[in-house]
Amino acid sequence: MSAWVLGLDVCGCALLAFLLLRRYGDLAKQHRMVLLATLLAWCLCFIIVFTIPLDVSTTIYNQCVIDNHHVVSTTASRSNQTDNSSVFPTESAPKVCDKPWGYIPDGILPVFWRVVYWTSQFLTWLLIPFMQSYARSGAFSISGKMKTALIENAIYYGTYLFIFCSLLIYVAVSPQWHLSWYDLRTIGITAANTWGLFLLVLLLGYGLVEIPRSCWLASCHGHLLAKTYFKVAKLMTEKADAEENLEDVMEDVRGVNETIKYNHPLRKCIDTILKKCPVEYQEKLGRNMDDYEDFDDKRNPCPNKKSLVKLHKQVIYAVQRHNRTQVQWQILLDEAFHLEDVAKNETSSAHQFIHSFPSSQPSGWFSKYMYTPTAEWYWECVLRRWCYRVLAVGLSLMSVAVVWSECTFFSTQPVLSLFAIFIQLAERQYNYLYVQVACFITIIFLCYCVYSTVFRIRVFNYYYLAPHHQTDAYSLQFSGMLFCRLTPPLCLNFLGVIHMDSIISHQQRQQTSYTSIMGSMRVLSFIANGFYIYYPMLIVLLCIATYFSLGTRCLNLLGFQQFMGESDLTSDLVDEGKELIRRERRKRQRSEDGENRRREWREKYETRSRNSYSELRENNTSSDHRRGHSQSRREQGDQSELLQDVEPLDFNGDDPQEVEDRSRYVGGRYLSTSGSQTRIFDDV
């Protein structure tokens, strides 16, 4: 049973990670090692999240077995002491401990957690940073890319080594601590979890407010349409910058391509750069091999390999950015057209959803039989907004419960954490299914708040997760690195919130296998008793700042345009986006009209051609029959005439060879190879 549960858990997490990678990454063009590292990092993080509820229910069952064993041993000892007495004290009977669904026997989870945790830490601290620099390098060989990655990560690895040595010296100097391998491992885990918790609180404080608010605003159609206009105006500017940047880079490539001739040693590097250019630019540039002109270093000075590496890196970045903006532009246009269609159909009395432009994708059975125009109208114009509002209210209640529990989970007497109260009530009744469901819902909500913030944030063009296969390799690996650093402290924080971490709850009880792998945080008491308990309280301040949009206002003041309803700049961008959408709608409408006219003419021409061809075929068939009969009669008449008119050979006439020669040569020119001068077109 345990192998089946863990196998299903791992397969489900792998499938979820693959679907996300398929949505954001380009499986056909990106490097296989980049895709594999990102897939493995996401999959390991999802495995940790989905396995924690099983660990909690297994720990509660083990605690029940230990309590029953303690009750039985206590009862037996007291019965031995009072065997001569006629009155026995009242003892509580041992409770029946049923194994929960998904019970995992002892010894399996510790090994499982060690493999998953240390693999994820190896990825996030060693392998992925190296592969990020490797993927961004513009070198033309594997050794060159590896050298660039090592140089770029020297400062990165040196910083972590300095921090670890500082903590090591701190522990070694302290007289009350004896340095051991277990303590060194705990120090490393504590340092990693401290870094992750610091970033976790920032992301969680943003997500707890922004996710419910986004769901509520999604029910307001006017707000969605205005924000879409705002995005269109911003994306148009970014699209123009990307096109201009690509033109500048292609101009540099053209100059280098004309300078370096076919016989130059660096010509292979130029060919590699040309392969990364768009197809239309490849046709314009081509290979400069005019008359196989030899390279002359004195007459045509050329760039060195270092400048070509830099140009190669610029080409990769410019092409990726240009392709991303082009795809996002088309997607945003479709979204804006759809929202405008919803606004028009809201006042329709026919209750039939009408699209301005027909979908290019063929309609399946779901669109034909289930999602009909009537059903689409009721969903888009009536039901959608109410579903979003109900979901927003539910998410708001969950956010309030999380904030309250994060601020009060250190209190064990009385228990103030709401999630700890729910788990303890289910634990007293040994309702393992409720325990697993409650843990699953809580940790999934926490992970969604954190992970969705990771997918939403954008650090200029340095880090940006763009859907529809438009995320570059660096951003994919950066997200995998963040996931591996955020997930372990997130799960530890969750176990502390439900009072399953004995270090925080200060209770003598069975520990989960996950917390046993993390080690005892008492090695660094100022972190275990201070930072881990009181730092999560900053979520309150972060939630307040997010609710009043302080970060958005600060970015707007710094010159980064953000959507703010009361801002004049926002209103100008909304008007600009509305005009751009109106222009694109007219352009697409003209294109649709032209396509319809061409289709109509094509259908008419095909019908007329088909009719003409059938008539022509019938006429040809009848004429062939008539011609066949007349030809057969003519051949029979010719044969009989030849047989009747045959004459004997005249030996007194001209020589046949002389006759043939005269017929062939007249006036020194070749005339004919046949002696017959009549009916010369019969073979035609």
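In which helix is the place of Tyr 532? Tyr 532 lies in helix H17, which covers residues 525–534; helices are DSSP runs of H or I with at least four residues, numbered from the N terminus. The structure is a predicted model, in which local features need pLDDT of at least 70 and side-chain atom pairs count only at pLDDT 80 or more, whereas totals for chains, interfaces and linings use all residues. Residues are numbered from 1 along each chain as its sequence is written, and side-chain values use heavy atoms, with hydrogens and water left out.

**Nonpolar cores**

- A nonpolar core is a set of buried Ala, Val, Leu, Ile, Met, Phe, Trp, Tyr and Cys residues joined through side-chain atoms within 4.5 Å.
- The largest such core has 88 residues, and the members that touch the most others are Ile 52, Val 56, Leu 208, Ile 498 and Tyr 514.
- Helix H2 (residues 32–81) gives the most to this core, contributing 16 residues.
- Another core, of 19 residues, lies apart from it and includes Met 250, Ile 273, Leu 274 and Val 319.
- Beyond its neighbours within four places in sequence, Tyr 514 is in contact (heavy atoms within 4.5 Å) with Ile 48, Ile 52, Asp 55, Trp 113, Thr 487, Pro 488, Cys 491, Leu 492 and Leu 495.

**Helix H5**

- Helix H5 comprises the 38 residues 181–218, which should span 56 Å at 1.5 Å a residue; the expected span is 1.5 Å times one less than the number of residues.
- The end C-alpha atoms of H5 are 53 Å apart, in agreement with that expectation.
- H5 has a kink of about 25° centred on Gly 207, where the bend is the angle between axes fitted to the seven residues ending at a residue and the seven starting there.

**Individual residues**

- Tyr 532 has a relative accessible area of 11% and is therefore buried; buried means under 20%, exposed over 50% and partly exposed in between, with a 1.4 Å probe and protein chains only.
- The C-alpha atoms of Tyr 532 and Phe 198 are separated by 9.6 Å, although the two residues are 334 residues apart along the chain.
- Arg 585, in helix H20 (residues 568–644), counts as buried because its relative accessibility is 15%.
- Not counting residues up to four places away in sequence, Arg 585 touches Phe 337, Glu 340, Asp 341, Lys 344, Ser 356 and Phe 357.
- Thr 374, in helix H11 (residues 373–408), is partly exposed, with a relative accessible area of 28%.
- Thr 374 touches His 351 and Gln 352, residues up to four places away in sequence not being counted.

Technical notes: Helix = DSSP H or I, 4+ residues; strand = E, 2+ residues; numbered from the N terminus.
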